[in-house]
Amino acid sequence: MFRFLPVVLLLYFIIPKKWRNLFLFLASLVFYAWGEPVYVLLMLFSTVVDYNHGRLVEKYLESGDRRKAKFYVASSMVINLLVLGFFKYTDFLIGSINGLMGTQIPMLNLALPIGISFYTFQIITYTVDVYMGRVPVQTSILKLALYISFFPQLIAGPIVNYTYIEPYLDERIVRIEDFFAGLFRFIIGLSKKVLIANLCGEILSTLTLDKNISVLAAWLGAISYTFQIYFDFSGYSDMAIGMGKMFGFKFLENFNYPYISTSITGFWRRWHISLSTFFRDYVYIPLGGNRCSTAR
């Protein structure tokens, strides 16, 4: 916040516009490598895989062979979801097998790559949108790489589907009022995280150390946790939306007062909007929505 972001912002507005995508991509790699240098290669692997899959999907759509085009959409999904599943669930499966079978299979103790769920879902939106004809295939691997790796929303979202962000990869205009609106939104998000979420987390940590807490203290802990998870996640989303606006990208909202919901459905629509939208548009509707068979 006091080193990386100011330097990146300053250089971004100094360099010529034609170099800005490359600069943001390199800055995003530095940001990612700061936390996990090895897993940068994993993100680059996913980028190359889906760049080539997108080109193959377009090639077979143009030749009229939708069967092969669909095969490459499925291939892209399988590769990316296998990578995600390997890192996220391997130790869980090993632990489950050991518990059920009494075996002693050693855990892999894999560190989960930062933001892998978010950029995996974003990659899926790209390949599917190309297949559905919603957007033209991206012929610049740099632009696709920037879409996948853009650092403001890489770690905690929101999930940005390719159709929405594609115009910003070609042309962005940052007006002074947009920049300061983004800066203000960033400060609001940071305040939610530091002043509310972290404080609630401290209260919760203190209460959980006491094994004989009162009913009132238990309720205080429950309420603290409720506000911690909301302001933590909402704060990160505000910071991402604010930073995006400072660079000329306009991300969609990710939260809409979920705690005023009067039903589970309403809560789902208001909490982490980009995730529920992703599952609706790229899982539920493609599988047939409420008109599909029970098995599907």
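The model is predicted, so local features need pLDDT of at least 70 and side-chain atom pairs count only at pLDDT 80 or more, whereas totals for chains, interfaces and linings use all residues. Residues are numbered from 1 along each chain as its sequence is written, and side-chain values use heavy atoms, with hydrogens and water left out.

**Overall fold**

- The protein has 11 helices and 0 strands, where helices (H or I, at least four residues) and strands (E, at least two) are DSSP runs numbered from the N terminus.
- Along the principal axes, the C-alpha atoms fill a box of roughly 70 × 55 × 40 Å.
- Of the 296 residues, 43% count as buried, that is, under 20% relative accessible area with a 1.4 Å probe and protein chains only.
- Among contacts with a separation of 6 or more, 70% join residues 24 or more positions apart; a contact means heavy atoms within 4.5 Å.

**The cavity**

- The structure holds 1 cavity of 30 Å³ or more; on a 1 Å grid over the protein atoms alone, a cavity is a set of points where a 1.4 Å probe fits but cannot get out.
- The largest cavity contains about 60 Å³ of space, its volume being the space filled by probe spheres set on the points, which are joined across faces, edges and corners.
- Its lining residues, which have an atom within 4 Å of a point, include Q122, Y147, F150 and F251.
- Helices α6 (141-149) and α7 (162-170) each supply at least two residues of this lining.
- The lining has 8 nonpolar, 2 polar and no charged residues; Ala, Val, Leu, Ile, Met, Phe, Trp, Tyr, Cys and Pro count as nonpolar, Asp, Glu, Lys and Arg as charged, and the others, Gly among them, as polar.

**Aromatic pairs**

- The count comes to 37 aromatic pairs; rings of Phe, Tyr and Trp (its six-membered ring) pair if their centres lie within 6.5 Å, with planes under 30 degrees apart counted as stacked, over 60 as edge-to-face and the rest as tilted.
- The rings of Y39 and F87 are edge-to-face, because their planes stand at 80 degrees, with centres 5.2 Å apart.
- Y39 lies in the loop between α2 (20-35) and α3 (40-62) and F87 in helix α4 (residues 66-101), so this pair ties together parts 48 residues apart in sequence.
- Both Y39 and F87 are buried.
- F150 and F247 also form an edge-to-face pair, because their planes lie at 80 degrees, with ring centres 6.1 Å apart.
- F150 sits in the loop between α6 and α7 and F247 in the loop between α9 (215-246) and α10 (264-270), so the pair ties together parts 97 residues apart in sequence.
- F150 and F247 are both buried.

Notes. 1 Å grid on protein atoms, 1.4 Å probe; cavity = no way out; pocket = protein on both sides within 12 Å on 5 of 7 lines; lining within 4 Å. Buried < 20%, exposed > 50% of the residue type's maximum accessible area, 1.4 Å probe, protein only.
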